Amino acid sequence: MTSAGVHNMFDETGIDELKSFATVTWEEILTEDPDLLIIVDAGWNTKSHKLNVMCDDTELRTLTSLKNQKFVIVPFSASTIGVRLGEAALHLSQAVRALTLGASLPQKDWIFVEGDDGSKIARAWSGLSVYMKLPTDLQSLCPTPVDPPTITIAPTSERLTGLRRRDGELLELDFVFLEDNPVHRAIEDDVRDYLALQGIAVRPRAMKKDDYNAAVAAGDFHLAFSETWGQPYDPHAYVSSFRFDNGEADV
């Protein structure tokens, strides 16, 4: 979010240090009047229910973000620790830049979708979405947009100019994979191209199986292939296995 140029209005309350969800009051939200809302869509508390509550409230209807219909919808499964979190963070940053700065969304990640409920959205492969037109039942309930979002999707051939650097150092990821695995090679190539669009370099390391296992066990990598255990253990149990003990990754 920092790289997208936005600020969490509750940073000063210590919420970021909790690394979890926290409760605030509607009065606090009204006082801060955010330019943009991030709405988590959960099965037990859907995006439609949350928008209904806000649009049906005379005070909450005055929120700038609601009047301009500038909000990003995030699936609950992409808002907690798991294998979807990294991609969701990238798409959230892209969506925020689109809503606040008018930046185009990359065609490789986003598509336009028109729903049976009368809505029109831009949707990312991670499940994140941005409303361009609300569902019919909300159009009459929610305020008419004062400054409605204009969303565009650009061809993925539009790359960043050059590679990103931090403190003068090239941002480069070390990607290890099995040299005799054609699936690894095919996916590594796609990942490398995808990250190049974001200005991040990838250094591929094709390795023999014993060397690969040793590198992964020692944590000598940034990106690596592995296998999951499947339901009901994943994704949380699998992600929690990537922890360090005495300097070695427990994998």
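Let me start with a term: buried means under 20% relative accessible area, exposed means over 50%, and partly exposed is in between, with a 1.4 Å probe and protein chains only. Hello everyone, and please keep in mind that this is a predicted model, where local features need pLDDT of at least 70, side-chain atom pairs count only at pLDDT 80 or more, and totals for chains, interfaces and linings use all residues. Residues are numbered from 1 along each chain as its sequence is written, and side-chain values use heavy atoms, with hydrogens and water left out.

Let's go inside first. A nonpolar core here is a set of buried Ala, Val, Leu, Ile, Met, Phe, Trp, Tyr and Cys residues joined through side-chain atoms within 4.5 Å. The largest one has 18 residues, and those with the most contacts inside it include Ile39, Leu51, Phe71 and Leu134. Strand E1 (37-41), helix H3 (47-55) and strand E2 (71-75) each supply at least two residues of this core; helices (H or I, at least four residues) and strands (E, at least two) are DSSP runs, numbered from the N terminus. Which element gives the largest share? That is H3, with three residues. Apart from this core lies another, of 17 residues, among them Val72 and Trp110.

Now, H3 itself. Its buried residues are Leu51, Met54 and Cys55. They sit on the same side of H3, because they cover an arc of only 90° around the axis, taking the directions from the helix axis to the C-beta atoms. Among the elements covering these residues are helix H2 (26-32), strand E6 (129-133) and helix H6 (136-139), where contact means heavy atoms within 4.5 Å.

On to charges. A salt bridge is a side-chain nitrogen of Lys or Arg within 4 Å of a carboxyl oxygen of Asp or Glu, and the structure holds six. In one of them, Glu172 pairs with Arg203, with the closest N and O atoms 2.9 Å apart. Glu172 lies in strand E10 (residues 172-178) and Arg203 in strand E11 (residues 201-207), so this pair ties together parts 31 residues apart in sequence.

Arg203 also forms a salt bridge with Asp174, at 3.7 Å between the closest N and O atoms. Is Asp174 buried or exposed? Asp174 is buried, at 5% relative accessible area, while Arg203 is partly exposed at 36%.

Finally, Asp220 and Arg205 meet in a salt bridge (3.4 Å, N to O). Arg205 is partly exposed, with a relative accessible area of 21%. Salt bridges that share partners join Glu172, Asp174, Arg203, Arg205 and Asp220 into one network.
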